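Me: I have a structure to go through. Can you take my questions as they come?

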Amino acid sequence: MKKNSYLVEYAKAQVGKPYWFGTFGQTASKKLYEEKKKQYPKQYTAKDFDEQYGQRVHDCVGLHNGALWSETPTSTPKYNASQDLGANGLYNKAKKKGEIKTFDKVSGRLVFKGDSKQKTHVGIYDDGYVYEAKGHAYGVKKTKFNASSWTYWAQSPFFEEGKAEEPSKPTPKPEPKPTPAPVTPSKPTEPSKTYVVVAKSGLNIRKAPSASSQKIGALSYGEKVQVSKEEKGFAKLANRDGWCCIGSKGVKYLKLKK
């Protein structure tokens, strides 16, 4: 079932187009004029019908039926006799309706003129205005709701409240996760050993395992240090950033703690 929003969209697209009694969105032509004049001679006395050939035409209830029977505001309507109701029939068939004082002003509702027994005219309400095929001298107009004496309202039995559904957007496919770079296994850390500084004057800490390397610190006599590696007579300190000499000429500067 079509939505109220489409009924409003359709009616809005017809503003400025001619009113022809007994029509519902057909294209005006000589053939249509002759057919309708034969059906409704009293409604076809004006002299300007031939000037309106080629335009889309409606009467008041035809503005509603044109939306009902057309897929778009410009497509050819497909007549459905089972839905061909006048203003009175639309009101009587509606399940949600009432006097205008109870009107909840929902866009796409129908508003009527007339009394409790006979509805003589129908328009389509939208946000304080009404779209209506007002008569041959006026055509399809957009008028202020409060400017006319509407007496009743109804929700069309052939349309649903609400806005037309938007086409669903395709669910985006998740982008493939990048393959993680292979992790190069780190070399196992050599177990550290505890040494004690036995040089009475203490021991220099050097940047590299060399006696000529830059001095970057010092160790005191009796200080305990963790050694992770031995190289060229030097010990790599595990808990300090540097190297110190293990011994020289048979003299020990660092002694392994037992």
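Me: Start with a loop. Where is K232?

Reply: K232 sits in the loop between strand 14 (224-231) and strand 15 (234-237). Helices (H or I, at least four residues) and strands (E, at least two) are DSSP runs, numbered from the N terminus.

Me: What kind of model is this, and how are things counted?

Reply: This is a predicted model, where local features need pLDDT of at least 70, side-chain atom pairs count only at pLDDT 80 or more, and totals for chains, interfaces and linings use all residues. Residues are numbered from 1 along each chain as its sequence is written, and side-chain values use heavy atoms, with hydrogens and water left out.

Me: Back to K232. What is phi there, and is the residue buried or exposed?

Reply: Phi of K232 is near 55°, a positive value in a residue other than glycine. K232 counts as exposed, at 68% relative accessibility. The cut-offs are under 20% relative accessible area for buried, over 50% for exposed, and partly exposed in between (1.4 Å probe, protein chains only).

Me: And D127, where is that and what is its phi?

Reply: D127 is in the loop between strand 6 (119-126) and strand 7 (129-133). Phi of D127 is near 50°, positive in a residue other than glycine. With a relative accessible area of 61%, D127 is exposed.

Me: Now the whole chain. How many helices and strands?

Reply: The protein chain has 4 helices and 19 strands.

Me: What is the radius of gyration?

Reply: The protein chain has 47 Å, whereas a compact globule of 258 residues would have a value near 18 Å. The radius is taken over C-alpha atoms, and the globule rule is 2.2 Å times the number of residues to the power 0.38. Along the principal axes, the C-alpha atoms fill a box of roughly 135 × 40 × 30 Å.

Me: What share of the residues is buried?

Reply: Buried residues make up 39% of the 258 residues in the protein chain. Helix 3 (residues 60-69) is mostly covered, with 10 of its 10 residues buried. Among them are C60, H64, N65 and W69.

Me: Switching to aromatics. How many aromatic pairs?

Reply: The count comes to 18 aromatic pairs. Rings of Phe, Tyr and Trp (its six-membered ring) pair if their centres lie within 6.5 Å; planes under 30 degrees apart count as stacked, over 60 as edge-to-face and the rest as tilted.

Me: Why is the pair of Y33 and F49 tilted?

Reply: The ring planes of Y33 and F49 are at 35°, with centres 5.2 Å apart, so the pair is tilted. Y33 is in helix 2 (residues 30-39) and F49 in the loop between helix 2 and strand 3 (56-58), 16 residues apart.

Me: Buried or exposed, those two?

Reply: Y33 counts as buried at 17% relative accessibility, and F49 is buried with a relative accessible area of 2%.

Me: Last one, L203. What is it in contact with?

Reply: Leaving aside neighbours within four places in sequence, L203 is in contact with V197, A218, L219, C244, C245, Y253 and L254. Contact means heavy atoms within 4.5 Å. L203 lies in strand 12 (residues 203-206) and is buried, with a relative accessible area of 7%.

Me: How far is L203 from T143?

Reply: L203 and T143 are 60 residues apart in sequence and 101 Å apart in space, C-alpha to C-alpha.
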